[in-house]
Amino acid sequence: MEIKKSATAGTVESSDIMITVAPNEESGIAISLDSSVENQFGKQIKEQITSILNRLNVNNVTVTAVDKGALECTIKARLLTAVHRACDDVNYDWKEVDSWND
């Protein structure tokens with residue numbers, strides 16, 4: 001998937017995460033994380049974001065995540081929504097998403 005524009009999903013309310021994705025001028029995935037639980041779970045959150053982007057075949061993207069203690073399922077939902085918005089893609093493959101185990 002190609003990121004065409006900047007897009008955001010989520011909020012900065014407790015137990016949520018606000019994720020913004022934008023095209024990356026350089027190649028690769030760049031992640032900026034601001035999390036209330038970064039010391040405990042920052043590495044896992046970044047790994048989950050990277051894993052989801054890889055599954056979606058998103059290669060050149062900048063991700064800014066402001067986390068307020070979101071669960072993994074919330075992180076997945078917010079990232080998927082932001083990526084689809086940024087690609088102008090409304091064709092969600094829910095069956096594929098439901099089969100993900102990470």
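Biologist: Which residue does D16 form a salt bridge with?
Modeller: In this predicted model, D16 pairs with R78, and the closest N and O atoms are 3.0 Å apart.

Biologist: D16, buried or exposed?
Modeller: D16 counts as buried because its relative accessibility is 7%, under the 20% cut-off. R78 is partly exposed, with a relative accessible area of 28%.

Biologist: How many salt bridges does the structure hold?
Modeller: Two. D88 also forms one, with K5, where the closest N and O atoms are 2.9 Å apart. That pair links distant parts of the chain: D88 is in the loop between α2 (72–86) and α3 (94–98), and K5 is in the segment before β1 (7–9), 83 residues away.

Biologist: And D88, buried or exposed?
Modeller: D88 counts as exposed, at 52% relative accessibility. K5 has 39% and counts as partly exposed.

Biologist: Changing topic, what should helix α1 span?
Modeller: Helix α1 covers residues 38–55, 18 residues, so at 1.5 Å a residue the span should be 26 Å. The end C-alpha atoms are 24 Å apart, which agrees.

Biologist: Which residues in α1 are buried?
Modeller: G42, I45, Q48, I49, I52 and L53. An α-helix has 3.6 residues a turn, so residues three or four places apart point the same way.

Biologist: What covers the buried residues of α1?
Modeller: The cover includes β3 (29–35), β4 (61–67) and α2.

Biologist: What follows α1?
Modeller: N57, which has a positive phi, near 60°.

Notes. Residues are numbered from 1 along each chain as its sequence is written. This is a predicted model: local features need pLDDT of at least 70, side-chain atom pairs count only at pLDDT 80 or more; totals for chains, interfaces and linings use all residues. Side-chain values use heavy atoms; hydrogens and water are left out. A salt bridge is a side-chain nitrogen of Lys or Arg within 4 Å of a carboxyl oxygen of Asp or Glu. Helices (H or I, at least four residues) and strands (E, at least two) are DSSP runs, numbered from the N terminus. Buried means under 20% relative accessible area, exposed over 50%, partly exposed in between (1.4 Å probe, protein chains only). The expected span of a helix is 1.5 Å times one less than its number of residues. Contact means heavy atoms within 4.5 Å.
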